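Colleague: Hi, I'm new to this one. Could you walk me through it?
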Amino acid sequence: MGAEITSLRTHDVRFPTSRDLDGSDAMNADPDYSAAYVVIGTDAGLEGHGFAFTIGRGNDVQTAAIRALEPYVVGLALDEALADLGGVWKRMVHDSQLRWLGPEKGVMHMAVSAVVNALWDLRAKREGKPVWKLLADLTPEQIVELVDFRYLTDALTPGEALEILRRAEPGRARREAELRATGYPAYTTSPGWLGYDDDKLRGLCEQAVADGFGQIKLKVGGDLDDDIRRLRIAREAVGPGVRIAVDANQRWDVGTAIDWVRALAEFDPWWVEEPTSPDDVLGHATIARAIAPVRVATGEHVQNRVVFKQMLQAGSLSYLQLDAARVAGVNENVAILLLAAKFGVPVCPHAGGVGLCELVQHLSMFDYVAVSGSKEDRVIEYVDHLHEHFADPVVVRDGHYVAPTAPGFGAAMLPRTLADHAYPDGPVWATSENGSGA
Ligand SMILES: [Mg+2]
């Protein structure tokens, strides 16, 4: 008998980040970074780890949604399942009853993401490779098989996807060597949380430049006068040569976004991120036309590949910010990378959260080696929080992500973290009056 998947365990893990206002922005004033965490067990001595990221309350709902997927995983023959993750993906996403909860959006879709990513973690460990390398070693045909092209073929057919991947094939080895030597460019959001005072902002901006980052990001959208003051401080601190992106976290209506960004134009913002509702495809396009040459970036709350398709078709964004754990995991993100390549739009992944840096680096590195073949104008977000809780934390050096070498997806949290931060009974929460459940 071959090995089987034998268990699916979940953990409600929360970090009390709201105590220091890490992660605070115009819409999310007091996030407690959290993971609805899943461990897929096998009788082969391997586990796969994945999670959906939330910011506190509701993490229990997210965890329950992951548990609802147990029947799709437990009992599967391990190697057959891992060899057909495109098929496993489709069976979960298109479950005729669970699909009603979306379709392909929200809590249930994020639950699929956690499980799919855990299966990729498992497959990468089984093959002894980091996920980026595992993906980059697949043939163009195998990569295309990972993708569900339903709803995409008016913008991207399987044949076109194959063409994109075949075009990139001859340069794979050279780019992989280059990636291992120099890493992948990062930008940092750590200086710009809205809850930080001016001195902390200035100090962290100076630190970012000293650390080698060529781009930083500031949260905006609370109060225009505050934004002008904070951008002036940041621009003085980093100088004219460092890009400053601003992020409104969906705060504005379309007209307000246009006026607000124009009022910040003197500080030369590189992009404005999530200016309005993540569902407003045409609103983003209107904003993009009105604020040019300032660019629009969005994607961390874009529900699925279909909305990304429309945004690319409508000219809604100049930078596509996929998230590792909001759409349904690696497979859907491969579709999104292919769509972005088709439209020639750079992908700059979202990573503000817990563990998202660990995951998205694999997607960007795969993209560089095997899809777009380019690092030009591309950066991965970096936030300097909570990496100490991971078994294989990201390494960022001189403003670049160092290509990971450990087998897996980097999603595994330390056992001690799972115990200490268990909500609501772990020691971090049991002794606290400052709970997520407040
Ligand atoms: Mg953002």
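Modeller: Happy to! Arg 172, Arg 175, Glu 176 and Leu 179 in α8 meet Met 365, Tyr 368, Val 369 and Ala 370 in α15, where contact needs C-beta atoms, placed from the backbone, within 7 Å. This is a predicted model, where local features need pLDDT of at least 70 and side-chain atom pairs count only at pLDDT 80 or more, while totals for chains, interfaces and linings use all residues. Residues are numbered from 1 along each chain as its sequence is written.

Colleague: How do the residues of the contact of α8 with α15 divide by class?
Modeller: There are five nonpolar, no polar and three charged residues. Ala, Val, Leu, Ile, Met, Phe, Trp, Tyr, Cys and Pro count as nonpolar, Asp, Glu, Lys and Arg as charged, and the others, Gly among them, as polar.

Colleague: At what angle do α7 and α14 cross?
Modeller: The axes of α7 (residues 158-168) and α14 (residues 329-343) cross at roughly 80° and come within 10 Å. That makes α7 roughly perpendicular to α14, a label for angles of 65 to 115 degrees. Helices here are DSSP runs (H or I, at least four residues) and strands are too (E, at least two), numbered from the N terminus. Axes are lines fitted to C-alpha atoms, for helices over the stretch in contact, with angles from 0 to 180 degrees between N-to-C directions.

Colleague: Which residues make that contact of α7 with α14?
Modeller: Glu 160, Ala 161 and Ile 164 come from α7, and Leu 338, Ala 341 and Lys 342 from α14. Leu 338 also touches Val 147, Leu 156 and Val 371, among others.

Colleague: Switching topic, which residues in α12 are buried?
Modeller: Val 281, His 284, Ile 287, Ala 288 and Ile 291 are buried in α12 (residues 281-291). Buried means 20 or more other C-beta atoms within 10 Å of a residue's own, exposed means 12 or fewer, and partly exposed is in between.

Colleague: Why do the buried residues line one face of the helix?
Modeller: Seen down the axis of α12, they fall within an arc of 125°, so they line one face; the arc is that of the directions from the helix axis to the C-beta atoms. The face turned away carries the exposed residues Leu 282 and Arg 289.

Colleague: And what covers the buried residues of α12?
Modeller: The cover includes α11 (254-263), β7 (269-273), β8 (295-298) and α13 (305-314).

Colleague: Last one: is Leu 194 buried or exposed?
Modeller: Leu 194 is buried, with 24 other C-beta atoms within 10 Å. Its place is in the loop between β4 (184-192) and α9 (198-210).

How values were computed
Angles under 35 degrees count as roughly parallel, over 145 as roughly antiparallel, 65 to 115 as roughly perpendicular and the rest as oblique. Two residues are in contact if their C-beta atoms, placed from the backbone, lie within 7 Å. Lists of a residue's contacts leave out its neighbours within four places in sequence.
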